[in-house]
Amino acid sequence: MPYLSLQNLTKTFHGTPAVRELWLDVNPGERISLLGPSGCGKSTTLQLMAGILQPDQGDIFLEARSLRRVPPEKRGMALVLQKGMLFPHLSVGENVAFGLKMRGVSRVEQAERAIAMLDQVQLSGFENRSPSELSGGQAQRVAVARSLVIQPKLLLLDEPLSALDASLRSDMQELILRLQDETGVTLIIVTHDQSEAIVMSHRVALMFDGCLRQVDTPEALYQHPVDETVARFFGGVNFFPAEAQQRQLQLSGGDRLSTEHPQQGPVQVTIRPEQIHVMPDPICGINLLPVTVTQNRFIGTQRHLTLKTVANLELQAWVPPSQNFAVGQAAIAHLPPDALWTFPAQAEGGDCSEQGRQLASTRSRLGNGNSNHQAPDQVEAQSLS
Ligand SMILES: Nc1ncnc2c1ncn2[C@@H]1O[C@H](COP(=O)(O)OP(=O)(O)OP(=O)(O)O)[C@@H](O)[C@H]1O
């Protein structure tokens, strides 16, 4: 059995399902993001894991043990929210040591471990400060230190960085990754930010309307989305219909393209804008479309070109800034066959239960995860914040 297994979880509020028939297996030491638009059920899923909410249906297993009757403080999990919510009446050091105190750890050991943990989050010397004397980023680092000091079996982060500015956010991402690497803790992070999910995760669990739509590595989600919704959420901008006959794609305007991803029947085709090559002069080869440049936007690291084919198909191509084209200029667009990804036109959506078991078996491509991690057997509890 996997380290953590969510099996057929369903949670309904006032008759409206927030999480529907959700299956997910997680390996020890794995980092998984729950990603999706606002209201899709990410936080509800995390709260079901933490035991703050009870599922209407389904169960959660941690190390093969059902959590159905295990209260939050006995689950061995730590939860960090968007705002760390430190105890205002305790010093920084006392906040970090709080979970240890609850476990009856001696005062000397509490102080030693809290100071060592503060050092790990680069806050040495802050132990006597009050939480009111911390910046937002420092407060989040204390919240992370407070959750890790108890050596949880599972660290649950609910949008922990969304209140921070961009550069602080990136520093905190690096810090969390380093701490996760050092401790081997299994990490579930809720985010609605695609780039954060990519940076932070071994696998991303993408949710829409309470259902898991695709669980995969960031690379696979980026290159091989299961449907148009996933592709669009992952920044896809080029979509067009075609009739597929294995590796041949017949476009509605008459153009034909080759793909390395065979399909049959009506399909949606997508290609990432950075994978389209644009050349000023005609060349010989396959998958070449004559186009006109209708827009050229310089954005510093790239040029965003809008192209129109003879059959009026509009494509976005991101090219190096040195490749300058005049608006109205004729050019050739090359769409490499391996970059043309297709999905059946009718595959959009689908129902949760149909996809659930299939997704649950999409195990991590990491094998058994971080085998160095020894889940601490004394850790009983903590749902902090
Ligand atoms: N305690 C509650 N009572 C009633 N409805 C709730 C409750 N908690 C969540 N919901 C509803 O359940 C759905 C899922 O909410 P949830 O907070 O899990 O979404 P989310 O994906 O985390 O969203 P966000 O990114 O905006 O935080 C939403 O429609 C929300 O309004």
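A residue is called near a molecule if its C-beta atom, placed from the backbone, lies within 6 Å of that molecule. Residues are numbered from 1 along each chain as its sequence is written. You are looking at a predicted model, in which local features need pLDDT of at least 70 and side-chain atom pairs count only at pLDDT 80 or more, while totals for chains, interfaces and linings use all residues.

**First stop: the ligand**

Select the ligand together with the residues that surround it, which are Phe-13, His-14, Ala-18, Gly-36, Ser-38, Gly-39, Cys-40, Gly-41, Lys-42, Ser-43, Thr-44 and His-192. For sorting them, Ala, Val, Leu, Ile, Met, Phe, Trp, Tyr, Cys and Pro count as nonpolar, Asp, Glu, Lys and Arg as charged, and the others, Gly among them, as polar. By that rule the shell around the ligand holds three nonpolar residues, eight polar ones and one charged one. Helices (H or I, at least four residues) and strands (E, at least two) are DSSP runs, numbered from the N terminus. With three residues, helix H1 (residues 42-50) gives the most to this shell.

**Second stop: the whole chain**

A residue is buried if 20 or more other C-beta atoms lie within 10 Å of its own, exposed if 12 or fewer, and partly exposed in between, with C-beta atoms placed from the backbone. Of the 385 residues in the chain, 42% count as buried.

Two residues are in contact if their C-beta atoms, placed from the backbone, lie within 7 Å. Which residues does Ile-188 contact, leaving aside its neighbours within four places in sequence? They are Ile-32, Leu-34, Leu-46, Met-49, Leu-154 and Leu-156.

Strands of a sheet pair through backbone hydrogen bonds, either parallel or antiparallel. Two strands are said to pair if DSSP finds at least two bridges between them.

Move to helix H2 (residues 92-102), where eight of the eleven residues are buried, so that the helix is largely enclosed by the rest of the structure. Its buried residues pack against helix H3 (107-120) and helix H4 (136-148). After H2 comes Gly-104, whose phi is positive, near 75°.

Next select Gln-110, which is found in helix H3 and is buried, with 21 other C-beta atoms within 10 Å. Not counting residues up to four places away in sequence, Gln-110 touches Ala-97, Leu-100, Lys-101 and Val-105.

Finally, select three strands that form an open, antiparallel sheet in the order S11-S12-S18. Strand S11 (239-251) and strand S18 (341-344) stand at the edges with a single partner strand each, so one side of each is left without a neighbour in the sheet. Strand S12 (residues 256-270) is joined to S18 by four bridges, and Val-267 has Pro-344 as its bridge partner in S18.

Ala-339 sits in the loop between strand S17 (330-334) and S18. Is Ala-339 buried or partly exposed? Ala-339 counts as partly exposed, because it has 19 C-beta neighbours inside 10 Å. Ala-339 and Arg-272 are 67 residues apart in sequence, but 7.4 Å apart in space, C-alpha to C-alpha.
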